Amino acid sequence: MLRKFMAVLAALLMVFSFAACGPASDPDTGGEIPNPDPGGEETTESLLYGIGEPFAGSGVEGFNYEQASKLIGALGAKTFRLWITPQTLYSGWNQTTVFSDEKLATIDKNSQLLYETYIDQVRKNGVEEITGHGNFFPRMPSTANGQEGNFVPARDTTEGSEYMQFLHKFYLIWKAVATAMPDVDVWEMGNETNQVTFLNYTGSENDSTEVQFEKLADINVDLMYYAAKGIREANPDAVIITPGLAPAYEGIPSLGRFLEEIYERIESGEFPAGEEKCSDPDEYFDGVAWHPYDTVNGITLTKEPDVAAWKEANDAVFQVMENHGDGEKEVWFTEFGYTMPVEMLDKAESDCTDNDRYLISNQYYTLNEDSEQKHADWLKMYFDTMEDMDYVHTCHFFRLNCSAHDALWNGVGEVLFGLFLEPDTGIGRGFYPRKKAFALQEIYGGEGDLYQFSEL
């Protein structure tokens with residue numbers, strides 16, 4: 001994290017922070033970037049070792065959050081990315097209902113207790129830092145049409161416009177969420193909002209990819225300002241990071257290009273939408289998050305990866321931060337991992353009873369020894385490389401469990417990211433560790449039994 005002298009410098013420059021921005025500045029923090037380590041010590045190396053897994057609304061067969069937390073502890077993970085869904089926060093959340101400001105300003109008590117339970121469980125199993133995230137886009141009259149996906153109104157900065165009403169609701173949600181979950185250390189203000197898959201706007205279907213890219217940059221700057229404002233009012237000690245950006249266009253280089261667009265808009269003095277303008281990046285985010293899926297080598301990694309090229313691509317993204325005076329800020333890899341195409345598995349008959357059988361799209365497969373070993377070996381290559389990337393605060397490995405259910409929304413490529421095969425009642429198998437689970441455990445220094453839930 002920031003060195004102590006940076007904190008002193010931030011305090012000295014507090015007056016300039018107030019002059020540059022509107023009411024999002026907090027006099028209690030003096031414009032200082034919150035530090036998740038209240039002792040002011042440098043980040044320990046172990047915080048590099050993280051993991052992410054959706055708990056609420058899990059599609060994993062036989063999912064159990066207590067078992068999942070114990071496996072996370074057995075691996076030795078020190079940071080955890082917590083998925084938070086609006087469906088669990090608000091009763092009746094759907095694609096056709098426009099919620100009132102009053103409704104959005106308060107989180108359901110049972111939902112609050114649910115997430116407190118999740119947080120308590122992973123902390124009991126050795127996790128030291130929690131990053132909470134979610135896409136919270138309330139429907140407005142123009143978007144309450146039942147269409148699936150994350151939709152916002154077309155950007156209209158006119159006072160009283162539907163878009164401006166939406167931004168106010170967005171601010172209220174983030175303030176309510178941060179108020180309800182004070183034990184979250186880091187808030188990631190969205191997920192992959194640099195692509196229309198996760199942040200769509202009215203009229204996007206008529207725009208070219210390049211126009212979408214530009215408009216999404218506009219919207220992201222607005223969203224970050226209002227989310228950060230709400231979070232800081234609720235919990236000034238929390239660290240606030242950008243939405244985890246995805247290498248959705250030409251790969252990792254597109255992350256740097258999008259981040260450049262973000263900085264240019266902030267520095268223009270014309271953002272955010274609304275009366276107050278702010279040209280200080282500190283009022284938008286304390287750190288940056290992105291998902292460095294290895295598009296340099298192919299996301300499924302069927303060939304030997306070139307980790308030097310991967311590092312170079314990520315370094316170039318961080319260089320954008322340095323170019324805009326944010327070189328002291330850290331980066332969260334809030335998702336990183338790799339999956340496996342079915343071509344890297346062995347087909348099996350329906351009467352197969354091997355412990356590692358797995359049903360994907362009505363076809364049984366078993367794990368291929370060579371493929372599994374390759375993916376296990378590559379993990380060490382990537383984490384050894386991350387050790388030399390001083391700007392990386394943590395990496396949330398994606399993910400704990402394989403999920404055949406997730407093939408429904410994004411194809412079979414989504415299934416095999418996990419470290420553990422999900423249960424198979426037909427052969428009495430529970431959560432069964434793959435080779436890369438043992439590889440990650442060795443990297444993380446974990447000592448627990450990875451087979452502890454392998455039998456039903």
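**Entry 1. Terms and model**

A residue is called buried when its relative accessible area is under 20%. I note that the structure I examined is a predicted model.

**Entry 2. Strand E1**

I began with strand E1, which covers residues 49–52. Which way do its residues point? I found that Tyr49 and Ile51 point one way from E1, while Gly50 and Gly52 point the other way. All of these residues are buried. I recorded the general rule beside this: in a regular strand, side chains alternate between the two faces of the sheet.

**Entry 3. Partners of E1**

I next looked up the strands that pair with E1. Strand E2 (residues 79–83) runs parallel to E1 and is joined to it by three bridges. Within this pair, I saw Gly50 opposite Thr79 and Gly52 opposite Arg81. Strand E13 (residues 392–398) also pairs with E1 in the parallel sense, over four bridges. Here Tyr49 stands opposite Cys395. I then followed the chain from E1 to E2 and found that it crosses through helix H3 (residues 65–75). This β-α-β crossover is right-handed.

**Entry 4. Leu199**

I turned to Leu199, which I located in the loop between strand E5 (186–188) and strand E6 (200–201). Is Leu199 buried or exposed? Its relative accessible area is 0%, so Leu199 is buried. Setting aside neighbours within four places in sequence, I listed its contacts as Phe137, Asn150, Val152, Thr193, Leu216, Ile219, Asn220 and Leu223. Leu199 and Phe137 are 62 residues apart along the chain, and their C-alpha atoms are separated by 8.6 Å.

**Entry 5. Gly256**

Why does Gly256 count as buried? I found its relative accessibility to be 9%, and the cut-off for buried is under 20%. Not counting residues up to four places away in sequence, Gly256 touches Val317 and Val320. I also looked up the separation of Gly256 and Asn314: they are 58 residues apart in sequence and 8.4 Å apart in space, C-alpha to C-alpha.

How values were computed: Residues are numbered from 1 along each chain as its sequence is written. This is a predicted model: local features need pLDDT of at least 70, side-chain atom pairs count only at pLDDT 80 or more; totals for chains, interfaces and linings use all residues. Side-chain values use heavy atoms; hydrogens and water are left out. Buried means under 20% relative accessible area, exposed over 50%, partly exposed in between (1.4 Å probe, protein chains only). Contact means heavy atoms within 4.5 Å. Helices (H or I, at least four residues) and strands (E, at least two) are DSSP runs, numbered from the N terminus. Two strands pair if DSSP finds at least two bridges between them. A crossover is right-handed if, with the strands pointing away from the viewer, the path from the first strand over the helix to the second runs clockwise.
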